[in-house]
Amino acid sequence: MPSLHEAYWRHTNLYLSVIEEANDLFNSNVGQEKGLVVFDLNSDQIDSAISWLIQLVPTDQTDFLLVHYVDALSTIGIVRYSAREKLIPLYEFQIAATQRLSIKELEADAIDGLGILYAYLGHLPRAIDCFQRAERIADGTKD
């Protein structure tokens with residue numbers, strides 16, 4: 001029988017694949033409604049997995065999973081979550097995870113995503129700051 005940690009880990013990985021499926025459908029020309037249905041049917045489990053993941057002591061493994069979760073939420077999340085209350089904190093967790101992993105390309109992408117959220121909310125100076133930070137990091141990696 002798996003430990004509680006192992007069970008949560010499996011649960012979290014399973015619902016990452018559900019988010020990715022929902023996001024892929026949402027981004028397709030013909031599956032946007034289907035993507036929303038998949039997401040909505042699983043939203044309680046997705047939220048539970050995210051809550052569990054962000055409360056863990058960071059490791060490379062949990063950081064990679066967190067980065068993938070936020071990436072998977074990048075499009076569909078904007079129509080199902082509050083940018084201010086849910087997505088911005090998730091992107092900040094993602095940025096911290098990419099910094100711990102020392103993967104500059106992922107860090108630049110995460111900061112750019114945060115900038116998009118700030119622009120969406122009309123916080124243009126903060127958005128521009130994020131875009132400039134992301135650009136400096138990307139330039140440093142030749143990305």
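This is a predicted model: local features need pLDDT of at least 70, side-chain atom pairs count only at pLDDT 80 or more; totals for chains, interfaces and linings use all residues.
Modeller: Residues are numbered from 1 along each chain as its sequence is written, and side-chain values use heavy atoms, with hydrogens and water left out.

Biologist: What makes α1 roughly parallel to α3?

Modeller: Helix α1 (residues 4–27) and helix α3 (residues 60–72) pack at about 25°, their axes 9 Å apart. Angles under 35 degrees count as roughly parallel, so α1 is roughly parallel to α3.

Biologist: Which residues of α1 and α3 meet?

Modeller: Among them are Trp 9, Leu 16 and Ile 19 in α1, and Leu 65 and Tyr 69 in α3; contact means heavy atoms within 4.5 Å. The residues of this contact divide into seven nonpolar, six polar and two charged.

Biologist: How many helices and strands are there in the protein chain?

Modeller: The protein chain has seven helices and zero strands, where helices are DSSP runs of H or I with at least four residues and strands are runs of E with at least two.

Biologist: Why is the protein chain called as compact as a globular protein of that length?

Modeller: The globule rule is 2.2 Å times the number of residues to the power 0.38, and the radius of gyration is taken over C-alpha atoms. For 143 residues the rule gives 15 Å; the radius of gyration is 16 Å, close to that value, so the chain is as compact as a globular protein of that length.

Definitions and conventions. Axes are lines fitted to C-alpha atoms, for helices over the stretch in contact, and angles run from 0 to 180 degrees between N-to-C directions. Angles under 35 degrees count as roughly parallel, over 145 as roughly antiparallel, 65 to 115 as roughly perpendicular and the rest as oblique. Ala, Val, Leu, Ile, Met, Phe, Trp, Tyr, Cys and Pro count as nonpolar, Asp, Glu, Lys and Arg as charged, and the others, Gly among them, as polar.
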